[in-house]
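The stops below go from one selection to the next.

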Amino acid sequence: MGNKTTGDIDRNSFDFLSIIGKGGFGKVWRVRYKKNYKEFAMKEMSKARIIEKNCVSSIIGERDILSQIHHPFIINMIFSFQDENNLYLVMNLFTGGDLRYQINKNHIFTEYQSKFFIACLILGLEVIHINNIIHRDIKPENLVLDYKGYLKITDFGIAKKQVKQNSNETSGTPGYMAPEVMNCQNHTIVVDYYAMGIICYELMMGVRPYVGENRNEIKEKILARQIMIKNHEIPNGWSKEAADFINNLIQRKPNMRLGYKGINQIKTHKWFNRFSWEDLYNMKIEAPFIPSDDDNYDANICTKEDIINNESIERLNKIMLSNEYKTCFKNYLFFNIYDENNNIENNFINPHKKYEEKKIINNNNHNKENENKKTPQSPKLKKRIKIPQLSAEAQEINKYNLFTPRSTKTIVRLKDS
Ligand SMILES: Nc1ncnc2c1ncn2[C@@H]1O[C@H](COP(=O)(O)OP(=O)(O)OP(=O)(O)O)[C@@H](O)[C@H]1O
Ligand SMILES: [Mg+2]
């Protein structure tokens with residue numbers, strides 16, 4: 001079946017329920033599709049702001065990539081469309097909040113909870129990379145949890161096909177950006193493994209390895225020394241294998257980094273001894289952290305600053321939506337229908353297809369999130385969800401307010417052609 005286009009979808013096809021996220025070009029809404037009452041996440045992006053920031057090709061790229069990929073560990077795009085002022089990208093809704101929200105709320109996760117998040121991230125990255133795409137903005141804000149606690153990769157706003165010459169592509173988020181990107185060198189998919197290492201370090205130590213106010217400060221810290229977690233620094237409850245996994249991912253030199261020789265290096269690292277990737281893919285493993293049933297997003301997402309921005313956007317709209325810009329978003333419309341078995345008619349490679357015989361029997365697991373039916377947690381299950389207390393070290397770090405606030409902004413440095 002694959003792609004189908006339809007002209008009869010617009011903003012009025014949805015009820016807008018709440019704001020669940022804020023992106024560089026607008027808001028992410030929780031919406032209800034009036035036709036079938038299903039709930040989705042809708043990313044609304046101001047065309048004027050996209051043009052102003054010179055990001056047209058990145059935004060078109062995001063839509064193109066999402067129209068190709070369909071996988072349980074990646075957010076899936078259902079529709080995309082536009083009106084005079086905005087682009088709209090409608091995706092599966094994941095109600096567990098993003099990892100940044102959960103880190104800030106719970107502050108610290110156990111080793112097994114962290115390992116589970118990272119394992120989901122690995123499966124998501126595997127499918128992105130095998131399709132020759134570099135995500136380039138892996139960070140906690142761009143990892144969202146479903147209601148069961150499974151993690152999905154979102155935000156392909158600066159993702160790119162991997163090419164040999166890409167030293168000019170230096171977009172990303174400084175705290176998670178691999179040194180080779182910072183240094184404007186050609187880079188490969190292993191930049192995403194570096195970012196994964198930083199996230200894992202943050203989950204273990206409560207703070208990122210290289211902290212700084214801006215890109216230059218972070219760059220200086222990285223240049224100054226290679227950070228390694230020493231045995232005596234490993235927090236209680238964490239293993240040496242976890243530290244070794246992280247130390248090998250945060251290697252400054254890409255050719256020294258775990259995963260440089262292929263993702264199997266990562267999947268077979270001793271930290272994942274006896275871990276069943278197949279069971280994970282089939283969602284047979286019970287997630288060790290289950291998000292609460294509350295609204296898992298910051299209530300203060302929309303600030304005064306946004307209201308001011310909205311006013312300036314109205315001014316921008318008038319200036320920028322002149323004839324010369326009218327055609328740059330043509331063909332944005334997309335309507336996605338997948339058949340029962342998620343078959344998709346394009347060149348998309350799913351490396352996990354081999355796991356799928358079992359999945360088809362169990363297919364309902366994956367469709368549940370789409371239907372957005374929340375199964376009530378059994379009292380037994382609830383009891384087992386233990387949010388660990390902050391360790392003494394983490395409390396100390398927290399005192400200095402080093403937990404990363406929601407301000408790790410993606411910096412787009414890509415010139416549109
Ligand atoms: N499918 C989804 N379900 C639930 N929440 C989502 C979904 N997609 C995005 N979000 C939330 O909205 C936020 C912003 O979305 P996204 O990261 O795609 O926007 P962005 O404009 O690319 O942001 P950035 O400024 O980080 O590049 C995410 O951090 C996440 O909290
Ligand atoms: Mg984002």
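## Stop 1: Gly97

Leaving out residues up to four places away in sequence, Gly97 touches Gln102, Leu145, Pro291, Asn296 and Tyr297. Gly97 sits in the loop between strand 6 and helix 3 (99-106). Is Gly97 buried or exposed? Gly97 is buried, because 21 other C-beta atoms lie within 10 Å, and the cut-off for buried is 20 or more.

## Stop 2: the whole chain

Zoom out to the protein chain. The chain has 16 helices and 11 strands. Of its 417 residues, 41% count as buried. Among contacts between residues at least 6 apart in sequence, 72% join residues at least 24 apart.

Colour the chain by pLDDT. The average is 83, and 77% of the residues score at least 70. Over residues 1-6 the pLDDT is below 50, and this stretch has 16 contacts in the model beyond near neighbours in sequence. Residues 393-407 also stay under 50; for them the model has 23 contacts beyond four places in sequence. Where pLDDT is low, the predicted coordinates should not be read in detail.

## Stop 3: ligand 1

Select ligand 1 and show its surroundings. How many residues surround ligand 1? There are 22, and the closest are Gly21, Gly23, Gly24, Ala41 and Asp155. By class, the shell has nine nonpolar, eight polar and five charged residues.

Next, colour by domain. Domain 1 (1-95 + 297-417) and domain 2 (99-281) each give at least three residues to the shell around ligand 1. Which strand supplies the largest share of the shell? Strand 2 does, with three residues. Strand 2 (14-23), strand 4 (39-46) and strand 6 (86-92) each supply at least two residues.

## Stop 4

Keep strand 4 selected. Seven of its eight residues are buried, so the strand is mostly covered by the cut-off of 20 or more other C-beta atoms within 10 Å.

Strand 3 and strand 4 run antiparallel and are joined by five bridges. Pick Val31 to find one pairing: its bridge partner in strand 4 is Phe40. The hairpin of strand 3 and strand 4 has five residues between the strands, and in this hairpin Tyr37 takes a positive phi near 60°.

Glu44 has Tyr88 as its bridge partner in strand 6. In a regular strand the side chains alternate between the two faces of the sheet.

## Stop 5: helix 8

Select helix 8 (residues 240-249). Its buried residues are Ala242, Ala243, Phe245, Ile246, Asn248 and Leu249. What do the buried residues of helix 8 pack against? Show helix 4 (111-130) and helix 6 (190-205), which are the helices they pack against. An α-helix has 3.6 residues a turn, so residues three or four places apart point the same way.

## Stop 6: Ile349

Finish at Ile349, in the loop between strand 11 (334-336) and helix 13 (356-361). Ile349 counts as partly exposed because it has 13 C-beta neighbours inside 10 Å. Leaving out residues up to four places away in sequence, Ile349 touches Ile130 and Asn131. Ile349 and Ile69 are 280 residues apart in sequence and 8.3 Å apart in space, C-alpha to C-alpha.

Conventions
Residues numbered from 1 in each chain as written. Chains lettered and ligands numbered in written order. Predicted model: local features only at pLDDT ≥ 70, side-chain atom pairs only at ≥ 80, totals over all residues. Near = placed C-beta within 6 Å. Helix = DSSP H or I, 4+ residues; strand = E, 2+ residues; numbered from the N terminus. Nonpolar A, V, L, I, M, F, W, Y, C, P; charged D, E, K, R; others polar. Domains from an automatic or database assignment. Buried ≥ 20, exposed ≤ 12 C-beta atoms within 10 Å, placed from the backbone. Contact = placed C-beta atoms within 7 Å. pLDDT = per-residue confidence, 0-100. Pairing = 2+ DSSP bridges.
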